[in-house]
Amino acid sequence: MPKGKKDKSFMPMSVAGILTFSTDEAGGFKVPKWFPVLLSVVTGVVIIALQLM
């Protein structure tokens, strides 16, 4: 088998929806990648601060 050719195989049906979803452009509001991390940290700090009061 030549090294340059890749073996073509079909993906299982279980990942078909995930691949389609990840490549579709939904439009609307785009959230930066750092936003969920920042939101989680801020929420944690607020909850801890409320517990200390």
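**Reading helices, surface and rings**

Student: How many helices and strands are there in the protein?

Tutor: This is a predicted model. The protein has two helices and zero strands.

Student: Where is Val31 placed?

Tutor: Val31 sits in the loop between α1 (16–23) and α2 (35–52).

Student: Is Val31 buried, partly exposed or exposed?

Tutor: Start with the cut-offs. Buried means under 20% relative accessible area, and exposed means over 50%. Val31 has 45% relative accessibility, so Val31 counts as partly exposed.

Student: What share of the residues is buried?

Tutor: Of the 53 residues in the protein, 0% are buried.

Student: What about the surface as a whole?

Tutor: The accessible surface of the protein is about 5,700 Å². Carbon and sulfur atoms account for 71% of that surface.

Student: Which residues form the nonpolar patch on the surface?

Tutor: Val31 is one of them, and others include Phe29, Trp34, Phe35, Leu38 and Met53. Together the patch residues have about 1,100 Å² of accessible area.

Student: How do I read a pair of aromatic rings?

Tutor: Use the distance of the centres and the angle of the planes. Here the count is one aromatic pair. The ring centres of Trp34 and Phe35 are 6.2 Å apart, and their planes stand at 70°, so this pair is edge-to-face.

Student: How exposed are Trp34 and Phe35?

Tutor: Trp34 is exposed, at 54% relative accessibility. Phe35 is partly exposed, at 36%.

How values were computed: Residues numbered from 1 in each chain as written. Predicted model: local features only at pLDDT ≥ 70, side-chain atom pairs only at ≥ 80, totals over all residues. Heavy atoms only, no water. Phe/Tyr/Trp six-rings, centres within 6.5 Å; stacked < 30°, edge-to-face > 60°. Buried < 20%, exposed > 50% of the residue type's maximum accessible area, 1.4 Å probe, protein only. Helix = DSSP H or I, 4+ residues; strand = E, 2+ residues; numbered from the N terminus. Areas by Shrake-Rupley, 256 points an atom, 1.4 Å probe, with all protein chains shown as cover. Patch = residues over 30% accessible without salt bridge, like charges linked within 9 Å, V, L, I, M, F, W, Y side chains within 5 Å. Salt bridge = Lys/Arg side-chain N within 4 Å of Asp/Glu carboxyl O.
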